[in-house]
Amino acid sequence: MIWLGIESSCDETACAVLQSDPVRILSNPLYSQIQEHQNYGGVVPEIAARAHLQKITIIAQKAVEEAKIKLSDIQAIAYTTGPGLMGPLLVGASFAKGLAKDLGVKAYGINHLEGHIAAAWLQNTQLEAPFLTLTVSGGHTELVVENENFNYTLLGRTRDDAAGEAFDKCGKLLGLPYPAGAIISKLASTGNRKFHHFPRALKNEDHGEFSFSGLKTSVLRYVEKHGPDYIEKNLNDICASLEEAIVDILVSKSIWALKKTKLKTLVVGGGVSANTHLRQKLAHYTSRHGINLYIPEAGLSTDNGAMIAAAAIRRAQKHALLPKTEVKPWMPLAP
Ligand code: KG4
Ligand code: ZN
């Protein structure tokens, strides 16, 4: 079966063609709007919606061409229903439903976070629930157990900023462009992780919740205290110390959740799962404790269309595709 996946929840207009049985990505192009938002230091919803509208047809055509199929070969469409920005989601949903009607196929709504988990599932499509998931993106940071039949148990999530948001906002304070996660990671690779000890909120508490807003304040105070010349001179060391703090919290809370649930599989997804230091630290712990670790392969951690089609294929395999085109979020959204 040939699927078209469409992702438009934030600042990437992404489409992908996947085949099922066996699952294979045939194409996965995207248009990144980063440059359009960079002057504002973050995503502007209205600009994002307009850019999706301008690009979605072009990217869908590109996905079809790169997959070397005809548009009429598409047998089902999967698109993101949320969580995400209202305007951008509406563009993706309207395009998906319109194309589905034209082709005489069905369009299925997919939860964005389930998409991030499906990106890791592509590494082992035999993977069976229950397993622990850590979703770390620009908008979410949560530990969730995936039970059978796509039932989810929330263990904890962030009380304020998400991990990716912490990277981005701290990066902005350090004078780095949006999104700062990958840039901080690159600078950190040659820095001293012990240069400065940034706070690790809630790290040792016996629950699965996170908090990153204090870290942001602490970076702000640090920048105010030391001034721009000092920051610039020691940027690699500061980035390394900051990355160490964020990764330390994420790894510590994942270990807490693994111990609490006694689960033997950890699936990680979301943009921050591209972080090399996080991947290495999680791999180190899981390999020593007999835990299977699945993280998306390079390029599939951040938002893309393949993860949305993959989530639909995963549900289809279990006969769990939702009949209506609207999907309930897998749990109440963060306030
Ligand atoms: O999943 P994603 O593409 O979009 C959302 O659903 O939010 O995640 C984007 C986030 C951004 O905050 C970005 O800074 C972060 O992922 N990110 C990284 C890395 N690559 C992307 N954070 C740390 N290290 C990276 N290598
Ligand atoms: Zn995402």
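**Close-up 1. The pocket of ligand 1.** In this predicted model, the space that ligand 1 takes up is the largest pocket. Around the ligand stand 18 residues, of which H116, G138, D168, G271 and D303 come nearest. Helices α4, α5 (163-173) and α6 (181-188) each supply at least two residues of this shell, and α5 gives the most, with three residues.

**Close-up 2. Polar contacts of ligand 1.** A polar side-chain atom of D168 lies 2.7 Å from an oxygen atom of ligand 1, while an N or O atom in the side chain of H116 is 3.0 Å from an oxygen atom of the ligand. G164 takes part through its backbone, with an N or O atom 3.1 Å from an oxygen atom of ligand 1. Of the 560 Å² of accessible area that ligand 1 has on its own, the protein covers 88%.

**Close-up 3. The zinc ion, ligand 2.** The zinc ion is coordinated by H112 and H116, each through NE2, and by D303 through OD, at 2.0 to 2.1 Å. Along the chain, these donors follow the spacing H-x3-H-x186-D. H112 in helix α4 (residues 112-121) and D303 in the loop between β11 (292-294) and α10 (305-317) are 191 residues apart, and the pair thus links distant parts of the chain. H112 counts as buried because its relative accessible area is 6%, which is under 20%, and D303 is likewise buried, at 11% relative accessibility.

**Close-up 4. Helix α4.** This helix is mostly covered, with ten of its ten residues buried, among them H112, H116 and W121. At the start of α4, a side-chain oxygen of N111 reaches to within 2.8 Å of the backbone nitrogen of L113.

Terms used
Residues are numbered from 1 along each chain as its sequence is written. Chains are lettered from A and ligands numbered from 1 in the order in which they are written. This is a predicted model: local features need pLDDT of at least 70, side-chain atom pairs count only at pLDDT 80 or more; totals for chains, interfaces and linings use all residues. Side-chain values use heavy atoms; hydrogens and water are left out. Donors are N, O and S atoms within 2.8 Å of the metal (3.2 Å for Na, K and Ca); water is not among the atoms, so sites may look incomplete. Helices (H or I, at least four residues) and strands (E, at least two) are DSSP runs, numbered from the N terminus. Buried means under 20% relative accessible area, exposed over 50%, partly exposed in between (1.4 Å probe, protein chains only). A polar contact is a pair of N or O atoms within 3.5 Å; within protein, one must be able to donate a hydrogen and the other to accept it, and residues adjacent in sequence count only if both atoms are side-chain atoms. A residue is near a molecule or strand if one of its heavy atoms lies within 4 Å of it. Accessible areas come from the Shrake-Rupley method with a 1.4 Å probe; for residues, only the protein chains shown count as cover. On a 1 Å grid over the protein atoms alone, a cavity is a set of points where a 1.4 Å probe fits but cannot get out, and a pocket is an open set with protein on both sides within 12 Å along at least five of seven lines; lining residues have an atom within 4 Å of a point. A molecule sits in a cavity or pocket if more than half of its atoms lie within 2 Å of its grid points.
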